[in-house]
Amino acid sequence: MVMLMSLQQAYDYIVIGAGSAGCVMANRLSEDPNSSVLLLEAGNKDSNPWIHVPIGYFKTMHNPNTDWCYKTEPDPGINGRRLEWPRGKVLGAPAL
Ligand SMILES: Cc1cc2nc3c(=O)[nH]c(=O)nc-3n(C[C@H](O)[C@H](O)[C@H](O)COP(=O)(O)OP(=O)(O)OC[C@H]3O[C@@H](n4cnc5c(N)ncnc54)[C@H](O)[C@@H]3O)c2cc1C
């Protein structure tokens with residue numbers, strides 16, 4: 001909490017999550033040279049080579065380094081099974 005308060009004093013804007021929306025927002029906000037912007041991302045850099053290969057995201061799904069590894073709740077319509085629900089956890093998440 002103390003750290004967040006000191007960050008709030010140090011930056012004009014704090015953007016949480018460097019995915020599609022967060023990167024665009026941070027980029028736009030940082031166009032103003034008088035504003036300081038902090039972009040925070042829970043995931044790693046996009047250094048996994050599969051991220052940069054077309055359809056390579058199939059190789060990054062279910063990997064906790066690049067995917068939050070969420071699952072749906074058990075669904076009675078599919079005999080109680082849970083489906084995997086990939087969400088990118090990496091800088092620039094849309095590439096996953
Ligand atoms: C496998 C897969 C393939 C896809 N393919 C396509 C495609 O081909 N074309 C297309 O248009 N869309 C595609 N999508 C959908 C697209 O990725 C999403 O609609 C889009 O990325 C959503 O943007 P967003 O900014 O809302 O969230 P995201 O891009 O998911 O960004 C959220 C970011 O916030 C970070 N984050 C979350 N919680 C925290 C926290 N507490 N602290 C810090 N950081 C945090 C996450 O790690 C993530 O980087 C795909 C999605 C998946 C999962």
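**Exercise 1.** Determine whether tryptophan 68 is buried, partly exposed or exposed.

*Solution.* Residues under 20% relative accessible area are buried, those over 50% are exposed, and those in between are partly exposed (1.4 Å probe, protein chains only). Tryptophan 68 has a relative accessibility of 36%, and therefore counts as partly exposed. The model is a predicted one, in which local features need pLDDT of at least 70 and side-chain atom pairs count only at pLDDT 80 or more, while totals for chains, interfaces and linings use all residues. Residues are numbered from 1 along each chain as its sequence is written, and side-chain values use heavy atoms, leaving out hydrogens and water.

**Exercise 2.** State how many aromatic pairs the structure holds, and classify each pair.

*Solution.* Rings of Phe, Tyr and Trp (its six-membered ring) pair if their centres lie within 6.5 Å; planes under 30 degrees apart count as stacked, over 60 as edge-to-face and the rest as tilted. The structure holds 2 aromatic pairs. In one, tyrosine 57 and phenylalanine 58 are stacked, at 5.2 Å centre to centre with 25° between the planes. Tyrosine 57 is partly exposed at 36%, whereas phenylalanine 58 is exposed at 52%. Tryptophan 68 and tyrosine 70 have ring centres 6.0 Å apart and planes at 5°, so this pair is stacked. Tyrosine 70 is partly exposed, with a relative accessible area of 42%.

**Exercise 3.** Identify which charged end sits over the ring of tryptophan 68.

*Solution.* The criterion is NZ of Lys or CZ of Arg within 6 Å of the ring centre and within 35 degrees of the ring normal. The charged end of lysine 89 sits over the ring of tryptophan 68, 4.5 Å from its centre.

**Exercise 4.** Describe the phi angles of isoleucine 55 and histidine 62.

*Solution.* Most residues other than glycine have a negative phi. Isoleucine 55, although not a glycine, has a positive phi of about 65°. For histidine 62, phi is positive too, near 70°. Isoleucine 55 lies in the loop between β2 (37-40) and β3 (70-71), strands being DSSP runs (E, at least two residues) numbered from the N terminus. Histidine 62 is found in the loop between β2 and β3. Isoleucine 55 is exposed at 54%; histidine 62 is partly exposed at 43%.

How values were computed: Helix = DSSP H or I, 4+ residues; strand = E, 2+ residues; numbered from the N terminus.
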